[in-house]
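User: Could you take a close look at one part for me, the metal site, and show me how it sits in the chain?

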Amino acid sequence: MSVSVVETKDPRETEALGAELAAGLKDGDVVLVRGELGSGKTTFVRGAARALGVTDPITSPTFSIGHRYRATDTTVSHLDLYRLVDLEHEDPGLLADYLGSGRIAFVEWPQDAAGELSSACLRVTLSHLGGDRRHIEVGDLREDAAEDGRP
Ligand code: ADP
Ligand code: MG
C-alpha cells in the first residue's frame with residue numbers, strides 16, 4: 001500500500017486535503033477515516049463532501065449511524081460507527097443504504113469486522129500533533145488490490 005503523509009496546521013488545511021482526495025474518487029468508492037476523537041475526521045469529510053458538491057451543513061451523525069447528502073453527481077454518505085461495538089452482530093443490511101453504486105461513502109470509526117468495508121479504496125488516519133497541528137496518513141488501498149491480482 002502506498003502511504004502519503006501530510007501535516008496540516010488548521011482545519012482549513014484538513015478540509016483542503018479532503019477536497020483534493022475527493023477529486024480522485026468515483027462512484028461506489030468507500031473511504032475509511034480513522035483517528036481519535038477530535039483529530040479531525042469530520043472536518044476531513046466536510047472538505048471532501050463540499051468538493052463533491054454537498055451544500056448542506058456536514059455534521060456528525062448523532063442519532064443514526066449516518067447521513068446522506070445530495071451532491072453534484074452522486075450521494076455522499078457519511079457514516080460514524082463509533083457506537084457500533086461489533087458490526088458483525090448487527091443487521092447485515094445496516095450499511096446497505098449508504099454504500100454501493102450512486103454513492104461515495106466516508107466512514108468514521110470503521111470496524112475491522114465489517115466485510116462491506118473491505119472494498120474501501122482509501123484509508124485516512126489522523127492524529128494530534130499538539131495545538132491545531134494534525135498528522136494525516138493517506139493509504140491507497142486500490143494498489144493492494146492490483147498487487148493481489150484482484151480486479
Ligand atoms: P473527529 O470527527 O475526529 O472527532 P472533528 O473534525 O469533529 O473531529 O473535530 C476536530 C476539531 O479540531 C474541530 O473543532 C476542528 O476545528 C479542530 N481542528 C483544529 N485543528 C485542526 C486540523 N489541523 N485539522 C482538523 N481539525 C482541526
Ligand atoms: Mg467525527
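Analyst: Let's start with a term: helices (H or I, at least four residues) and strands (E, at least two) are DSSP runs, numbered from the N terminus. This is a predicted model, where local features need pLDDT of at least 70 and side-chain atom pairs count only at pLDDT 80 or more, while totals for chains, interfaces and linings use all residues. Residues are numbered from 1 along each chain as its sequence is written, chains are lettered from A and ligands numbered from 1 in the order in which they are written, and side-chain values use heavy atoms, with hydrogens and water left out.

Read from the N terminus, the chain goes β-α-β-α-β-β-β-β-β-α, which comes to three helices and seven strands.

Now for the metal. The magnesium ion (ligand 2) has Thr42 (OG1) and Glu108 (OE) as its protein donors, lying 2.2 Å from it. Thr42 belongs to helix α2 (residues 41–51) and Glu108 to strand β5 (residues 103–108), so this pair ties together parts that are 66 residues apart in sequence. Donors here are N, O and S atoms within 2.8 Å of the metal (3.2 Å for Na, K and Ca); water is not among the atoms, so sites may look incomplete.

Are these two residues buried or exposed? Buried means under 20% relative accessible area, exposed over 50%, and partly exposed in between (1.4 Å probe, protein chains only). Thr42 is buried at 13%, and Glu108 is buried at 3%.
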